[in-house]
Amino acid sequence: MERGVLERWIKENEGLYVEATRHPFILSIRDGTVDFSAYKRWLEQDYLFIRNFVPFVASVLVKASRESEDDSDMETILGGMAALHDEILWFKKEASKWNVQLSHVVPQNATEAYCRLLEILINPETDYTTAVTAFWTIEAVYQQSFSLCLKSDSKTVAELMEACRRWGNDDFGTYCESLRRIANRHLANAQESVRKKAEEAFKLILQLEVDFWNMSFG
Ligand code: HMH
């Protein structure tokens, strides 16, 4: 892995990064000991998250079109948006498989706090470098987490394989690498004040991801 700003931040925040990417909830899926009511809680709350995540990604796309000098940024982000369309359909299908009523879900504190951050990042005052760094962090936590459940020695139960493949598959990994390269390129060229804001977003998101897993875990 190349040594960019993000790799340095991961190293400097190793404890928090590990908490977010190897959470006991994910490890319980990997080990086949997961409590299905926890999985259902995660499913409900993540659907609410995704509904708020789509407008955030749209805002990153707008920022890229205005602030990026590289055409390929837009294509990568647009690919992510297309995948989110498929993801919403999957959540609906998965919810009916588990008898979960998505229309009646009440947001928990962790979901509300996360969605509030997304609102701030959507603001036109938030710069593209910070927004795309946040975008990578959000996607990378899921990619790192769910890919653990696909390793050959994992004991993930068949019913949860689809969920794990959704974020743990190699194509999603390649997409996250593209986002990481975009974010690193912009961070390398950013002013110190912008880099500080992006670092704050990176750390805050790791903490919000830990809180989100904790909420699901019960
Ligand atoms: C909470 N973080 C959360 N939900 C998601 N679906 C992702 C990241 C990845 O898209």
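**Entry 1: the annotated site.** I started from the UniProt record, an unreviewed entry, which annotates Glu209 as "active site". I kept in mind that what I have open is a predicted model.

I then asked which helix holds Glu209. The residue sits in helix H10, which runs over residues 192-217.

Is Glu209 buried or exposed? I found a relative accessible area of 2%. Buried means under 20%, so Glu209 counts as buried.

**Entry 2: who touches Glu209.** I skipped neighbours within four places in sequence and listed the remaining contacts of Glu209: Ala20, Tyr114, Ile138, Val141 and Tyr142. I picked Ala20 from that list to follow up.

**Entry 3: Ala20.** I located Ala20 in helix H2, residues 14-21. Its relative accessibility is 0%, so Ala20 is buried.

What does Ala20 touch, once residues up to four places away in sequence are set aside? I noted Val141, Ser145, Leu206, Glu209, Val210 and Trp213. Glu209 turns up here, and Val141 is also listed among the contacts of Glu209.

I also checked Ala20 against Phe212: the two are 192 residues apart in sequence, yet their C-alpha atoms lie 9.3 Å apart in space.

Entry 4: Back in the record, the unreviewed UniProt entry gives "domain: Thiaminase-2/PQQC" for residues 16-216. Over that stretch I read 80% helix and 0% strand. The end C-alpha atoms of residues 16-216 are 18 Å apart.

**Entry 5: the whole chain.** Next I zoomed out. How many helices and strands does the protein have? I counted 10 helices and zero strands. The radius of gyration is 17 Å, close to the 17 Å that the globule rule gives for 218 residues, so the protein is as compact as a globular protein of that length. Along the principal axes, I get a C-alpha trace of about 45 × 35 × 30 Å.

I looked up burial for the chain as well: buried residues make up 54% of the 218. Of the contacts with a separation of 6 or more, 86% are between residues 24 or more positions apart.

Entry 6: The accessible surface comes to about 10400 Å², and carbon and sulfur atoms account for 51% of that.

Notes:
Residues numbered from 1 in each chain as written. Predicted model: local features only at pLDDT ≥ 70, side-chain atom pairs only at ≥ 80, totals over all residues. Heavy atoms only, no water. Helix = DSSP H or I, 4+ residues; strand = E, 2+ residues; numbered from the N terminus. Rg over C-alpha atoms; globule rule 2.2 N^0.38 Å. Buried < 20%, exposed > 50% of the residue type's maximum accessible area, 1.4 Å probe, protein only. Contact = heavy atoms within 4.5 Å. Areas by Shrake-Rupley, 256 points an atom, 1.4 Å probe, with all protein chains shown as cover. UniProt positions renumbered as here; feature names shortened; annotations may be inferred.
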